[in-house]
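Visitor: Hi, could we walk through this one together?
Guide: Happy to, here it comes.
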Amino acid sequence: MKLLRHPLFFRLYRYLPQRQLNKLMGLLGKLPWPQALLQPLIRSWVRRDGIDLEEVREEPWSTLEAFFLRRLVPGARPLGRGLVAPADGILVAAGEVQGGTMLQVK
């Protein structure tokens with residue numbers, strides 16, 4: 001089982017310093033990494049997660065942020081009827097929000 005999808009990771013995740021981690025990941029995503037490091041890193045991410053690049057408009061990407069905010073070719077993901085979610089993802093927890101509890105969604 002992959003470490004970042006292991007149930008123990010999700011139980012411990014709430015104890016990590018969220019604000020600092022978000023800032024760190026934001027900085028790392030915007031850094032102009034050397035292309036010799038960045039492009040192999042992106043290719044490994046694509047292989048690992050099965051990301052379909054046929055619907056993508058531009059390559060190579062100058063930063064990790066540019067890759068994760070990549071533009072799609074027109075018509076790649078047409079909107080359906082009803083409720084539409086603008087992102088792919090994995091649901092790891094669900095429940096009722098009680099007493100003004102803040103819900104962390106990523």
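Visitor: So how much of the protein chain counts as buried?
Guide: Of its 106 residues, 12% count as buried, where buried means under 20% relative accessible area, exposed over 50% and partly exposed in between, using a 1.4 Å probe and protein chains only. This is a predicted model, where local features need pLDDT of at least 70 and side-chain atom pairs count only at pLDDT 80 or more, while totals for chains, interfaces and linings use all residues. Residues are numbered from 1 along each chain as its sequence is written, and side-chain values use heavy atoms, with hydrogens and water left out.
Visitor: Which elements does the protein chain have?
Guide: Four helices and zero strands, running α-α-α-α from the N terminus. Helices (H or I, at least four residues) and strands (E, at least two) are DSSP runs, numbered from the N terminus.
Visitor: Which residues make up the largest nonpolar core?
Guide: Eight residues: L38, I42, V46, I51, V56, W61, L64 and F67. Such a core is a set of buried Ala, Val, Leu, Ile, Met, Phe, Trp, Tyr and Cys residues joined through side-chain atoms within 4.5 Å. Helices α3 (35-49) and α4 (64-68) each supply at least two residues of this core, and the largest share, three residues, comes from α3.
Visitor: And what does I42 touch?
Guide: Leaving aside residues up to four places away in sequence, I42 touches W61, L64 and F67; contact means heavy atoms within 4.5 Å.
Visitor: Switching to rings, how many aromatic pairs are there?
Guide: The count is four. Rings of Phe, Tyr and Trp (its six-membered ring) pair if their centres lie within 6.5 Å; planes under 30 degrees apart count as stacked, over 60 as edge-to-face and the rest as tilted. One of them, F9 with Y13, is tilted, at 5.6 Å centre to centre and 50° between the planes.
Visitor: Where do F9 and Y13 sit?
Guide: Both are in helix α1 (residues 7-13), four residues apart, so about one helical turn separates them. F9 is partly exposed at 23% relative accessible area, and Y13 is partly exposed at 25%.
Visitor: Which residues do ring pairs link into a cluster?
Guide: W45, W61, F67 and F68.
Visitor: Last one: is M25 buried or exposed?
Guide: M25, in helix α2 (residues 18-30), is exposed, with a relative accessible area of 52%.
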